[in-house]
Amino acid sequence: MNYNSDAEAIDAFSKVYEDVRKEISTVIVGQNEVVKSVLISIFSNGHCLLVGVPGLAKTLLVQTVASVLDLSFNRIQFTPDLMPSDIVGSEILGEDRHFKFIKGPIFSNIILADEINRTPPKTQAALLEAMQEKSVTAAGITHTLPKPFFVLATQNPIEQEGTYPLPEAQLDRFMFHVDLGYPTFEEELNIVKNTTGNVKHQTKHILNGEQISFFQDLVKKIPVPNQVLEYAVKLVAKTRPQTDYAPELVNKYLSWGAGPRASQYLVIGAKCHAAINGKYSPDVEDVQAVASSILKHRIVRNYKAEADGLSAESIIQNLF
């Protein structure tokens, strides 16, 4: 992709983002903030955890995003008996009496890890290693995953029996934690109209993998003013109880704060948020726009917060 300057490329990126968002909205009714978070994750080269009850179009959303971005897509339904080899692939003995590696479903651009908390930690770890390293190792040989590579995992917040909650260290691998709510009455009316008739929406391809990789690199190159960088790092530092920057609210209600990965994601997320809005550099408002989804799964509330009914979001909002 040839642009005369980074500013021209950002202008193009802002327009392309709007085209992608509009195309997705022809299939997905409402859920604007969710779609925005998923797209920011992709262009920031991160991963996204969607938490919501069944029937909120999580799978349809990922399929639609994959189609509009012209990326390969695989869905992995996580179950208690799923093994790591079911995800990454396995070695088999071929007809020529030599072992060969058969690639698993993880070799795709977009992976939907459906109900990730329904499988034991051993299998969760196989996916999360691939998320971090962007490669898998089988029989001592490293296999690189296709680029771009993006994992969208879903969790059902209702079912707790027979599930394996993601440990904090694994949750930390996800850039965003996005809560899906119920649609409004008007949105639900539209959903029912669109899905109970004979109308089929064919989405257009707006981008391809090579263009996405270009825009991912562009987002990284966006300059960040020092005061914005300091604001992002200080915001994360404020979540750590009993430290220099921690306010009384944090000392009282949090057991643990966010780690350095949160600071990295806040900055890269703010850059992307600025770019999709046509700005050439992020400001404090861009950091605040992505802060809640980046921080809420990285802080651990104590029993006082639970007793007083304080959510992670309300604590984060008080840190701005």
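A cavity is a set of grid points where a 1.4 Å probe fits but cannot get out, and its lining residues have an atom within 4 Å of a point. Keep that in mind as we walk through this structure, which is a predicted model.

Helices α1 and α2 each bring at least two residues to the lining. Sorted by class, the lining of the largest cavity has three nonpolar residues, three polar ones and one charged one.

F13 sits in helix α1 (residues 6-25) and F43 in helix α2 (residues 32-43), so their pairing ties together parts that are 30 residues apart in sequence. Is F13 buried or exposed? F13 is buried, because its relative accessible area is 0% and the cut-off for buried is under 20%. F43 is also at 0% relative accessibility and so counts as buried.

Another ring pair is made by F214 and F215. Their ring centres are 5.4 Å apart and their planes stand at 70°, so this pair is edge-to-face as well. Here the two partners part ways: F214 is partly exposed, with a relative accessible area of 24%, whereas F215 is buried at 0%. Ring pairs link F13, F43, F214 and F215 into a cluster. The count for the model comes to four aromatic pairs.

Now for the open space. The largest pocket has a volume of about 640 Å³. It is lined by 24 residues, and the closest to its centre are Q155, E168, L171, H177 and H297. Several elements give two or more residues to this lining: the strands β1 (48-51), β9 (176-179) and β11 (300-301), along with the helices α6 (168-171) and α14 (312-317).

T154 has its place in strand β8 (residues 150-155). With 1% relative accessibility, T154 counts as buried. The side chain of T154 makes a polar contact of 2.7 Å with the side chain of D114. Leaving aside neighbours within four places in sequence, T154 is in contact with L50, K58, L112, A113, D114, E115, I116 and N117.

The other is I294, found in helix α12 (residues 284-295). I294 counts as buried because its relative accessibility is 0%. Which residues does I294 touch, once its neighbours within four places in sequence are left aside? The contacts are M175, F176, A262, Y265 and L266. Take A262 as an example: A262 and I294 are 32 residues apart in sequence, yet their C-alpha atoms are 6.6 Å apart in space.

Technical notes. Residues numbered from 1 in each chain as written. Predicted model: local features only at pLDDT ≥ 70, side-chain atom pairs only at ≥ 80, totals over all residues. Heavy atoms only, no water. Helix = DSSP H or I, 4+ residues; strand = E, 2+ residues; numbered from the N terminus. Buried < 20%, exposed > 50% of the residue type's maximum accessible area, 1.4 Å probe, protein only. Contact = heavy atoms within 4.5 Å. 1 Å grid on protein atoms, 1.4 Å probe; cavity = no way out; pocket = protein on both sides within 12 Å on 5 of 7 lines; lining within 4 Å. Points joined across faces, edges and corners; volume = space filled by probe spheres on them. Phe/Tyr/Trp six-rings, centres within 6.5 Å; stacked < 30°, edge-to-face > 60°. Nonpolar A, V, L, I, M, F, W, Y, C, P; charged D, E, K, R; others polar. Polar contact = N/O pair within 3.5 Å; in protein donor to acceptor, adjacent residues only side chain to side chain.
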